[in-house]
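Please read them with the coordinates open.

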Amino acid sequence: VSSVVMSDSALLAGETSTLTITFSEAVVGFDNSDITLENGTLTAVSSADSGVTWTGTFTPTDDIEDATNVISVGTTLTDLAGNAPLAGNSTINYTIDTREPVVSSVVMSDSALKVGETSTLTITFSEAVTTFDNSDITLENGTLTAVSTADGGVTWTGIFTPTDNIEDTTNVITIGTTLTDLASNAPLAENVSANYDIATIEPLDTSVVMSDSALTVGETSTLTITFSEAINNFDN
C-alpha cells in the first residue's frame, strides 16, 4: 500500500475530502470493507487505472471536534496473482471541526429605554468567534458602539443608544451568520434579543391659555394648560 492520502486534512462543516489510495501494482478484491475510517463516511472506492489507484469521497461526521484521526487500509485485498500486502498503510493525521458556533443569547440590560438612557448589549456565543463586528448586527431605532470582547471572542458587548424623539414598543436586535468560529465555521442560525421599548419623545407644553385676559374686581379666569401627550407628576 504505497500511500493513503486525504486531499484536505483540516475538515470543517460542509467540506469533504478526496481519499486516494495507491498500490505498488494493480489489486483486486478491494473495497470499503478493507478501509477503517474515523469520524466520517466514505463513498464506494473505485479505480480508473485497472486497480492501482483508488479514490472515494470522505464526508466528516457533523457536529464534532476531533484533532486526531486517521484512515487505515488493511491487507485482505490481493494483487492479480493472488498475493496479499505484507502490511497496511494509513493517512497522516487529519482534523475535524464540524461544530458550528451558536448565538447563545442576545441580551439588553435595559428593555425600557427613555430619554437620556442607554443599554448594554451582551452577545454570547457557544464558542469563540472571529470576523464579528457591528456589520453582523441589525439594530432597530438606535445606534451601537463598536462591539468588543474581553474573553477571546465568546462574549461581546456594546452600548446601545436609542434614537431620539420616537415611541416604539416593538424593537429587537438581530445577530446574523456572517461571522465564523476559530475554525471558520459559520453559525447555522441567527438569534434575536427580547423585545425592548423606546419612549424618547419629550412632552411639550403645547399651550397655556387664560379664558379671560382682562380681569377686573370679582372676576376669575380658567387657566388651561395643554401638553403634547399625557403627563404625570404635574401640580402647582
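1. The largest nonpolar core has 20 residues, and those touching the most other members are Ile123, Phe125, Phe132, Ile137, Phe160, Ile173 and Ile175. A nonpolar core here is a set of buried Ala, Val, Leu, Ile, Met, Phe, Trp, Tyr and Cys residues joined through side-chain atoms within 4.5 Å. Buried stands for under 20% relative accessible area, exposed for over 50%, and partly exposed for what is in between (1.4 Å probe, protein chains only). Two or more residues of this core come from each of strand 14 (103-108), strand 16 (119-125), strand 21 (155-162) and strand 26 (196-199). Strands are DSSP runs (E, at least two residues), numbered from the N terminus. A second, separate core of 19 residues has Val27, Phe58, Val73 and Tyr94 among its members.

2. On provenance: this is a predicted model, in which local features need pLDDT of at least 70, side-chain atom pairs count only at pLDDT 80 or more, and totals for chains, interfaces and linings use all residues. Residues are numbered from 1 along each chain as its sequence is written, and side-chain values use heavy atoms, with hydrogens and water left out.

3. Which residues does Phe132 contact, leaving aside neighbours within four places in sequence? The list is Ile123, Phe125, Ile137, Val147, Trp156, Ile175 and Leu179, where contact means heavy atoms within 4.5 Å. Phe132 is buried because its relative accessible area is 6%.

4. The whole structure contains 7 aromatic pairs. Rings of Phe, Tyr and Trp (its six-membered ring) pair if their centres lie within 6.5 Å; planes under 30 degrees apart are stacked, over 60 edge-to-face, and the rest tilted. One of the pairs is Phe58 with Tyr94, edge-to-face at 5.4 Å centre to centre and 70° between the planes. Phe58 is in strand 8 (residues 53-60) and Tyr94 in the loop between strand 12 (89-90) and strand 13 (95-97), so this pair ties together parts 36 residues apart in sequence. Phe58 is buried at 0% relative accessibility, and Tyr94 is buried with a relative accessible area of 0%.

5. Phe132 also forms an edge-to-face pair with Trp156, at 5.1 Å centre to centre and 80° between the planes. Here Phe132 sits in the loop between strand 17 (129-130) and strand 18 (137-138) and Trp156 in strand 21, 24 residues apart. Trp156 counts as buried at 9% relative accessibility. Elsewhere, ring pairs link Phe23, Phe30 and Trp54 into a cluster.

6. An open sheet is formed by 3 strands in the order 15-26-22, with mixed pairing; two strands pair if DSSP finds at least two bridges between them. Strand 15 (112-114) and strand 22 (167-171) are the edge strands, each pairing on one side only. Strand 22 and strand 26 run antiparallel and are joined by 3 bridges. Glu167 has Ala199 in strand 26 as its bridge partner.

7. How many salt bridges does the structure hold? There is 1, a salt bridge being a side-chain nitrogen of Lys or Arg within 4 Å of a carboxyl oxygen of Asp or Glu. Arg99 forms a salt bridge with Asp63, with the closest N and O atoms 3.5 Å apart. The pair links distant parts of the chain, with Arg99 in the loop between strand 13 and strand 14 and Asp63 in the loop between strand 8 and strand 9 (65-66), 36 residues apart. Arg99 is partly exposed at 36% relative accessibility, and Asp63 is partly exposed at 41%.

Terms used
Helix = DSSP H or I, 4+ residues; strand = E, 2+ residues; numbered from the N terminus.
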